[in-house]
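Student: Can we go through this structure together? I'd like to talk about the contacts that hold side chains to each other.

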Amino acid sequence: MMKVILLNGSPKAKGCTYTALAEVEKTLREGGIETEIIHVGHKDIHGCIACNKCVEQGRCVFNDLVNEVAPKFEEADGIVIGSPVYYASIAGTLKAFLDRLFYSTHFSKRMKVGAAVTSARRAGTVATFDIINKYFTIAQMPVASTFYWNEVHGNTPEQVMQDEEGMQSMRQLGRNMAFLIRAITAEKEKNGLPEEEQRVWTNFIR
């Protein structure tokens, strides 16, 4: 069974961000994808301290939700990251969580499908959307998209439900993501992953 985990980066368990994620989740399930929504935004998450202990231990030195989610991320075929907008940017707790999740997990994320979902009363969704997508592109993860930016607007879950374009965008995102996952899974089973060159590391000043 193909699976997607959805991260709710809002402090509110059933707020606006969750409302958008739930719409994506519903459509993913209709597409034959198993799902799990994980609440991240209400936790006390320490930021990365660049100690590199994860290289030695295979897990983050701070034993919290990051280490709990890591094996689920490894097993998943895709991940949806949802964030409210704070000061025109990603929620701080979610940012700390993602920095550590992506840095401390050394399994390959190639061809896992990623999608960002953002929620705002009015503005800042595009900047938040851009920040989340950078986690995917540095990890060789295809990014699922829809006919507009993956965003909803409203100050309450009820208002988000009234954002017809935003909710429609969430449903189309779920369909597109399910299609990508099925297509990538079929190609991996047939031909494996694309050839990968040995990584070259350079600095701007040598």
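This is a predicted model: local features need pLDDT of at least 70, side-chain atom pairs count only at pLDDT 80 or more; totals for chains, interfaces and linings use all residues.

Student: Cysteines, then. How many disulfides does the structure hold?

Tutor: Zero disulfides. The term covers a pair of cysteine sulfur atoms within 2.5 Å.

Student: New topic. How many salt bridges are there?

Tutor: Eleven. Each has a side-chain nitrogen of Lys or Arg within 4 Å of a carboxyl oxygen of Asp or Glu. One of them joins Glu34 and Lys3, at 4.0 Å from N to O. Glu34 lies in strand E2 (residues 34-39) and Lys3 in strand E1 (residues 3-8), so this pair ties together parts 31 residues apart in sequence. Helices (H or I, at least four residues) and strands (E, at least two) are DSSP runs, numbered from the N terminus.

Student: Which network does that pair belong to?

Tutor: A network of salt bridges links Lys3, Glu34, Glu36 and Lys72. Glu34 is partly exposed at 37%. Lys3 is also partly exposed, at 21%.

Student: What about Arg29 and Glu25?

Tutor: Their side chains form a salt bridge at 3.3 Å, N to O. Both sit in helix H1 (residues 16-30), four residues apart, which means about one helical turn between them. Glu25 is buried at 13%.

Student: Where does Arg100 find its partner?

Tutor: In Asp64, with the closest N and O atoms 2.8 Å apart. Arg100 is in helix H4 (residues 92-104), while Asp64 is in the loop between helix H2 (53-57) and helix H3 (65-75), 36 residues apart. Arg100 is buried at 2%. Asp64 is buried too, at 16%.

Student: Stay on H4. Which elements do its buried residues pack against?

Tutor: They pack against E1, H2, H3, strand E3 (78-86), strand E4 (89-90) and helix H5 (125-137). Contact here means heavy atoms within 4.5 Å. The buried residues include Leu94, Phe97, Leu101 and Phe102.

Student: Now rings. How many aromatic pairs?

Tutor: Five. Rings of Phe, Tyr and Trp (its six-membered ring) pair if their centres lie within 6.5 Å; planes under 30 degrees apart are stacked, over 60 edge-to-face, the rest tilted. Phe73 and Phe107 are edge-to-face, at 5.6 Å between centres and 80° between planes. Phe73 is in helix H3 and Phe107 in the loop between H4 and strand E5 (113-120), so the pair ties parts 34 residues apart in sequence.

Student: What sits over the ring of Phe107?

Tutor: The charged end of Lys109, 4.6 Å from the ring centre. The rule asks for NZ of Lys or CZ of Arg within 6 Å of the ring centre and within 35 degrees of the ring normal. Arg199 likewise lies over the face of Trp201, at 4.0 Å from the ring centre.

Terms used: Residues are numbered from 1 along each chain as its sequence is written. Side-chain values use heavy atoms; hydrogens and water are left out. Buried means under 20% relative accessible area, exposed over 50%, partly exposed in between (1.4 Å probe, protein chains only).
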